[in-house]
Amino acid sequence: MQIEKNKIDEHNQSLIKEHKRRFDFIAAEINNIDEIIEKLRTFQIAIPSWALGSGGTRFGRFSIGGEPRNLEEKIEDIGLLHSLNKNSGAISLHIPWDIPSDANHIKNLAAQFDIKFDAMNSNTFQDQPNQKLSYKFGSMQHVDKAVRKQAIEHNIEVIKYGIELGSKSLTVWLSDGSCFPGQLNFRKAFQNTLESLKEVYAALPNDWKMFVEYKAYEPNFYSTTVGDWGQSLLYTNKLGDKAYTLVDLGHHLPNANIEQIVALLLMEKKLGGFHFNDSKYGDDDLTTGSIKPYQLFLIFNELIEGMDARNMNHAKDLGWMIDASHNVKDPLEDLLQSVEAIMIAYTQALIIDRKKLTEAQNNNDVVTGQEVLQNAFRTNVRPLVAEARLRNGGALQPIQLFRNESVRKNLINQRGLKTIATGL
Ligand code: LRH
Ligand code: MN
């Protein structure tokens, strides 16, 4: 299902007066408004192919109906999101959940919706039906060279699919680790994993990047072989210039200062990108900005400070991806909310008075430093994000229009109630 341009125009027409009033109010306070709007218009966030259906936990999964039955329908659903907010112009595929049967057909279909292919994701955390060797005790860390070889070949196969689709990066998340003391030799596990990653790294085309995603725990609950930013940095430094760390916001131990981790990885030229989501306890994969919006803002503050210090292109030089699971919400509405939260945090960080912040830091004026940040965080920048959508031909209020057009009801009529999308 798609929402026609005239519907989006009618929707915007009905809201334009109120929008202009709000936009003009905030625009009066910000001097480089057009520069900021241009940055928002070009900022694209990749939608995970594995999060377009209802997610679940080991305790249950409650289907919402009308879920995409194949990769084509997943691309159509992302096309619908992108038509509404014009900031969802990329898909991140997970293999083997989303093997493109006909790469050219898939590529052309995505192009129709102005959707690009972001990082490819490998999967050595599940055993596939026809798989020879099990990953029960890990994949690249495994004591058995044949299991490591199987995992290496899978990742090289994923790169091949990505090359056909025009992707330029591979995300490797390894669930490898141990559940009990005595189960694993940490040093050998690290070295096996490094040797295995080196073989995958050697298969990367010159213009590709490899993202090494770390995670503190789950599914292993005693040790994880790529368990934190330090371990990921160790691997990526030993692998080479095409290897970067990937920061999934839900993969940290409680109270970790993620914005400081981001600042240092960026300084070390080893920050590759993000999996945006939010969490209160563990890897909860909740809607971005729904639990800790101030942390998300502080992360974007460090991103802009660090990227501008290196004249990096905000939209192109890092991987911006969502990684969430929708247990109780409509997946498409949840993704619209996540994109909105990311765009709001980015905009709030763009309006920070950096000159005043640096002065305060140089004078140990703690109160002013905090006031400068909180002033930006407490500024209602939603009219700016909406204005960028409007100028891009998107909808002023995406979720409102999504509901007015009864998208979920139409998808259920089209696809049925019982369809289950591949993914988590
Ligand atoms: C692991 C993870 C990883 C994906 C998976 C779907 O928790 O964040 O990025 O492969 O979720
Ligand atoms: Mn992730």
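User: Is Glu18 buried, partly exposed or exposed?

Analyst: This is a predicted model, so the values are computed from it. Buried means under 20% relative accessible area and exposed means over 50%. Glu18 has 34%, so it counts as partly exposed.

User: Which residue does the side chain of Glu18 meet in a salt bridge?

Analyst: Side chains of opposite charge can pair when their charged atoms come close. The N to O distance is 2.5 Å, and the partner is Arg21.

User: How many residues apart in sequence are the parts tied together by Lys215 and Asp283?

Analyst: These two form a salt bridge, with the closest N and O atoms 2.9 Å apart. Lys215 sits in the loop between β9 and β10, and Asp283 in the loop between β12 and α9, so the parts they tie together are 68 residues apart.

User: Now the helices: is α1 roughly parallel, roughly perpendicular or oblique to α13?

Analyst: Two packed helices are described by the angle between their axes and the distance between the axes. Here the axes of α1 and α13 come within 9 Å and cross at roughly 130°. That angle makes α1 oblique to α13.

Methods:
Residues are numbered from 1 along each chain as its sequence is written. Chains are lettered from A and ligands numbered from 1 in the order in which they are written. This is a predicted model: local features need pLDDT of at least 70, side-chain atom pairs count only at pLDDT 80 or more; totals for chains, interfaces and linings use all residues. Side-chain values use heavy atoms; hydrogens and water are left out. Axes are lines fitted to C-alpha atoms, for helices over the stretch in contact, and angles run from 0 to 180 degrees between N-to-C directions. Helices (H or I, at least four residues) and strands (E, at least two) are DSSP runs, numbered from the N terminus. Angles under 35 degrees count as roughly parallel, over 145 as roughly antiparallel, 65 to 115 as roughly perpendicular and the rest as oblique. A salt bridge is a side-chain nitrogen of Lys or Arg within 4 Å of a carboxyl oxygen of Asp or Glu. Buried means under 20% relative accessible area, exposed over 50%, partly exposed in between (1.4 Å probe, protein chains only).
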